[in-house]
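Here's a quick briefing on how two parts of a protein chain meet. Have a look at the model first, then read on.

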Amino acid sequence: MSNHMDVQKENGYDAWLHYPRSSHAENRPAWCNVIVVTGGDEVLQTAANELQRGLTSMFGQQPKINDVPVDVPFIALGTFKDHPLVAERFSAEEQADVNAEGYRIRGTEMINPAQSASYDAIKGPYVTVAGQTAPGVLYGVFHLLRWLQGRLDGELPLQATSKSSESSDGPFLDVLSNPVNPIRMINHWDNMDGSVERGYAGASIFYENNALTKNMDRLRDYARLLASVGIQSLSINNVNVHQVETELITDKYLSDVARLAAIFRAYGIQIYLSINYASPMQLGGLTTADPLDPGVAEWWRAKAREVYAAVPDLGGFVVKADSENRPGPFSYGRHHADGANMLADALQPYGGRIIWRCFVYDCKQDWRDRKTDRARAAFDYFKPLDGLFRDNVILQIKNGPMDFQVREPVSPLFGALQATQVLLEFQITQEYTGQQRHLCYLVPQWKEVLDFDTYTQGKGSTIKRIVSGSLGSNGSPASPSSTKYTNYGIAAVTNIGADTNWTGHLLAQSNLYGYGRLAWDPELSADEIADEWVRLTFGGYRNRSHTGNSKHLVPAIKKMLLDSWNIYESYTAPLGVGWMVSPDHHYGPDVDGYEYSMWGTYHFADCRGIGVDRTTTTGTGYVGQYCSPQADIYESTETCPDELLLFFHHVPYTHVLHSGQTVIQHIYDTHFEGAERAANLRDTWVSLRDHLDEAIYAQVLERLEHQTEHAQEWRDRINTYFYRKSGIADQKNRPIY
Ligand code: GCU
């Protein structure tokens with residue numbers, strides 16, 4: 001984003017950081033003239049530079065960066081402990097309310113001279129952005145920039161949570177914000193040959209031809225996007241660690257890893273490496289990778305020493321073991337705590353973490369075997385290990401028990417683990433949700449997951465409390481100083497690639513933005529996040545009405561986003577059953593694509609009915625992994641929510657849903673409506689044409705045209721399949737083939 005070429009802007013490269021020139025630039029607040037920052041901290045310098053860059057872009061004048069106060073209005077940036085000017089603006093209690101990465105922002109028209117004895121030259125209005133740490137200040141700066149853009153649009157402040165007031169004696173801006181999740185992570189599934197597993201936005205921005213990219217500017221620009229929404233952890237290679245990537249922890253590549261780490265460090269982001277569990281054999285020439293073999297443990301200790309010598313602040317390792325043909329402790333008759341703890345001990349002296357994935361299941365299942373249920377697997381493997389993991393081990397659990405389907409229940413493993421630190425794993429990349437060719441704003445789906453109540457420690461044992469570590473093992477909030485409960489949070493597989501607009505579908509940028517914002521504050525609503533993103537992305541020159549944010553654009557694009565998950569769900573797999581996609585690439589309808597496979601992903605449709613019986617009475621018993629009342633709700637077709645009916649039950653096509661419709665008629669209706677609503681998305685976009693930058697308009701239109709057509713393909717395939725299976729006609733006699 002360093003070169004502000006118009007052509008780049010039109011392609012969406014600047015994403016939500018494009019800071020359009022304000023149409024009210026003459027109203028530039030006086031305090032935007034000077035930025036005062038003290039201390040040589042790299043991240044603090046980043047914060048000052050970002051602020052300078054944003055303000056310059058918005059107002060067309062570059063503010064000065066100064067290291068001492070000046071006698072004109074200014075913005076002060078700094079930490080409480082290193083910046084006296086910052087410290088004296090907040091009482092001890094106000095400072096204590098800020099956590100390690102949180103911030104306070106305060107803006108007043110006049111400074112009280114009594115408060116600034118040491119800086120009595122200051123007279124005018126000034127704004128302070130303060131934190132305990134430099135990253136906190138950086139996040140505060142991005143908040144201030146968002147706020148300013150909202151104000152300059154002539155709209156209300158962007159931050160509904162800000163306590164802003166216009167009164168002349170009180171502060172005009174007064175914000176306290178703390179991230180709710182201690183770990184806010186992005187996972188890359190990038191391979192060093194430049195490919196991205198499940199990537200839908202072009203090649204890797206990290207690697208090409210088995211080497212590090214030469215385009216460091218792009219990486220820096222990515223770091224800006226991530227930091228602007230509060231991301232501070234990043235794993236930089238695929239969880240499936242192939243031959244070349246196995247060598248990332250050797251001297252062949254460690255200097256490259258160190259270069260990457262330096263780029264992200266400047267933005268407060270710590271990097272992680274995915275490692276190959278069998279490295280001692282593949283790299284070290286050992287004959288085993290048995291976690292209890294002393295030679296193996298010693299190999300990893302030596303390896304950790306070498307890795308941390310190169311990258312002293314490496315976050316740690318991400319491990320996919322015994323999963324989808326990856327090696328792991330099972331080969332040696334060991335369990336996963338043995339494997340994770342052995343690695344954790346090796347990283348412990350350096351403060352490193354082991355992020356151990358729970359995506360473990362039998363991927364060589366016999367489809368004839370109706371007793372084995374893949375949905376049960378993570379709980380069955382990991383629940384018995386609860387409490388056995390080291391303090392620097394975190395279990396990473398996918399949001400659902402299967403694999404990022406458009407609709408799944410929440411994984412019961414979250415509530416079940418009560419003495420183990422966990423990370424929730426979301427998928428921003430739209431593997432099963434339209435692959436960034438269809439519009440699917442995922443924040444509403446993630447909200448449902450975070451708000452789900454597991455009841456495992458009584459009412460209120462929600463996923464968001466579990467994964468933020470605020471639900472202690474005894475049901476009370478964990479004390480912030482307890483080290484046992486600091487390794488919690490959310491991770492997500494990114495949706496970006498080398499496409500100029502990062503995400504292929506420009507509107508899919510909202511998912512990356514939304515993920516970061518939600519990981520920071522799970523209480524934000526899907527609507528608020530969409531609102532922020534649309535305003536930031538479509539302000540200024542991208543909006544041809546040139547009246548700031550036009551009245552048409554914001555509500556119309558917001559509605560497109562907010563409806564899109566439901567629309568996608570309605571024309572694809574019905575009622576929570578999932579998996580009706582083409583094998584391997586997972587794009588497009590193929591009802592029986594996975595039906596006779598070894599992946600454990602079935603719908604069991606026959607001429608009478610459809611669905612998977614996962615009840616405890618007649619099914620696989622998966623329902624029993626939930627606590628009451630959730631288990632009771634799912635167990636009975638009377639209470640099971642419609643949208644998950646076929647996930648939990650096998651029912652006849654004539655079964656009547658809570659909606660009053662039969663299953664078969666629901667399938668027909670939702671598929672006809674879904675395809676129509678997809679076409680409406682396109683029509684809405686077309687109606688916005690006059691308000692939109694032309695290049696932006698065209699690139700999104702192309703995707704929406706495709707979605708419209710592809711939704712019809714989905715509709716006809718699904719409807720025809722079920723008409724042929726069931727022999728039951730559509731009540732409304734619409735075309736089915
Ligand atoms: C899915 C996905 C794979 C990925 C795996 C994982 O199965 O299709 O590409 O490797 O999840 O999360 O490990």
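How many Å separate the centres of domain 2 and domain 3, taken over C-alpha atoms? The two centres sit 29 Å apart. Keep in mind that this is a predicted model: local features need pLDDT of at least 70, side-chain atom pairs count only at pLDDT 80 or more, and totals for chains, interfaces and linings use all residues. Residues are numbered from 1 along each chain as its sequence is written, and side-chain values use heavy atoms, with hydrogens and water left out.

**Layout**
- The protein splits into domain 1 (3-177), domain 2 (183-538) and domain 3 (542-612 + 650-737), with bounds from an automatic or database domain assignment.

**The contact between domains 2 and 3**
- Domain 2 puts 45 residues into the contact and domain 3 puts in 45 residues, where contact means heavy atoms within 4.5 Å.
- Together they bury about 4,300 Å², 62% of it on carbon and sulfur atoms; buried area is the accessible area (1.4 Å probe) that two parts lose on being put together, summed over both.

**Charged pairs**
- The rule finds 3 salt bridges across this interface, each a side-chain nitrogen of Lys or Arg within 4 Å of a carboxyl oxygen of Asp or Glu.
- Aspartate 527 and lysine 558 meet through their side chains in a salt bridge, at 3.0 Å from N to O.

**Domain 2's side**
- α17 (526-538) and α14 (443-451) each supply at least two residues of the side touching domain 3; helices here are DSSP runs (H or I, at least four residues), numbered from the N terminus.
- The largest share of that side, 9 residues, comes from α17.
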